[in-house]
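This briefing covers aromatic pairs, a sheet, a hairpin and a helix crossing in one model. Please have the sequence and the structure open while reading.

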Amino acid sequence: MLGFIVRPSHQFLSFLLCPGLQIPRLSVLCAQPRPRAMAISSSSWELPLVAVCQVTSTPDKQENFKTCAELVREAARLGACLAFLPEAFDFIARDPAETLRLSEPLGGNLLGEYTQLARECGLWLSLGGFHERGQDWEQTQKIYNCHVLLDNKGSVVATYRKTHLCDVEIPGQGPMHESNSTIPGPSLESPVSTPVGKIGLAICYDMRFPELSLALAQAGAEILTYPSAFGSVTGPAHWEVLLRARAIETQCYVVAAAQCGRHHEKRASYGHSMVVDPWGTVVAHCPEGPGLCLARIDLRYLRQLRQHLPVFEHRRPDLYGTLGHPLP
């Protein structure tokens, strides 16, 4: 398994870290070797490629779109069939009032631009956290944090509205009260079939609740997505640990596109976008700053691992019940 790190066009690296490969303008992250019993014989170049984008959103929606569109086009040029964007890819506002003012419905202009982008590039898009004015906007004057999945024709194939809202006060990081402007989603979304496998949709703070990831895995998910805007204090302590834990306990790939850097004078994010395989190995990650990383998704390896280590067959719901409710 190989993951690739791609920096913005003006920062491309030309050197190779893995001998014997000829991959121009890419730096290659060599993952830790898998256990010998789970080695595979198929060529990695036959496997579907995903791109994980890392950005620094601001309150300027059009500038944010330009940045994201550049990364998506680069992902398409490099052969990815699905690109993941982080939570709040559309904007990060200075306060709840600005968040509400900048929000749009799913049928608004901004999502229309991403629909056109998906068609233009011919790849699927995971739009990790859109500030959505729902059908109840007039009554509630609050929004949803909505993960939107577009296919390569620009059609909306799934939406998931964040169910766990981040209302926390971490010393040194500043308070976060997402519920001041946002309504929690009412349900989980069943895993969606895509060119890279069945994807289970989640958002950021959701990763702290293993019941959600187990419910998605039990419903057939092969890839879990956690688009995020993690803070600068919780990030170093918890980010990678939680993502690897979710991958290991569900035996799924985990894809986590992240916000990075300083968005404005009131907020900064940790970054470190990554892909984790079902063994818990980080197979691709982004360095500091905007950019993207690439990884190949090997479902044969996933199934082989689940066969060798059949934890879901060993669960004891008679002792501790079924974690998470069955999905429709």
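The count of aromatic pairs comes to five, where rings of Phe, Tyr and Trp (its six-membered ring) pair if their centres lie within 6.5 Å. The model is predicted, so local features need pLDDT of at least 70 and side-chain atom pairs count only at pLDDT 80 or more, while totals for chains, interfaces and linings use all residues. Residues are numbered from 1 along each chain as its sequence is written, and side-chain values use heavy atoms, with hydrogens and water left out.

**Aromatic pair**

- Phe-65 and Tyr-114 form an edge-to-face pair, at 4.9 Å centre to centre and 90° between the planes; planes over 60 degrees apart count as edge-to-face, under 30 as stacked and the rest as tilted.
- This pair links distant parts of the chain, 49 residues apart: Phe-65 lies in helix α1 (residues 61-77) and Tyr-114 in helix α3 (residues 109-121).
- Helices (H or I, at least four residues) and strands (E, at least two) are DSSP runs, numbered from the N terminus.

**Six-stranded sheet**

- An open sheet of six strands runs in the order β10-β11-β12-β13-β16-β17, with mixed pairing; two strands pair if DSSP finds at least two bridges between them.
- β10 (192-194) and β17 (282-285) are at the edges with a single partner strand each, so one side of each has no neighbour in the sheet.
- On average, neighbouring strands of this sheet are turned by 25° against each other, direction ignored.
- Strand β11 (residues 197-201) pairs with strand β12 (residues 223-225) in the parallel sense over three bridges, and Gly-200 stands opposite Leu-224 in β12.
- Helix α6 packs on the sheet and touches β12, β13 (253-256), β16 (274-276) and β17, its direction making about 30° with that of β16.

**Hairpin**

- Strands β14 (residues 260-264) and β15 (residues 267-270) run antiparallel and are joined by four bridges.
- The hairpin between β14 and β15 passes through two residues, and Arg-262 has Ala-268 in β15 as its bridge partner.

**Helix crossing**

- The axes of α5 (residues 210-218) and α6 (residues 234-250) come within 10 Å and cross at roughly 40°; axes are lines fitted to C-alpha atoms, for helices over the stretch in contact, and angles run from 0 to 180 degrees between N-to-C directions.
- That angle makes α5 oblique to α6, the class left after under 35 degrees (roughly parallel), over 145 (roughly antiparallel) and 65 to 115 (roughly perpendicular).
- Pro-210, Ser-213, Leu-214 and Ala-217 in α5 meet Arg-246, Glu-249 and Thr-250 in α6, contact meaning heavy atoms within 4.5 Å.
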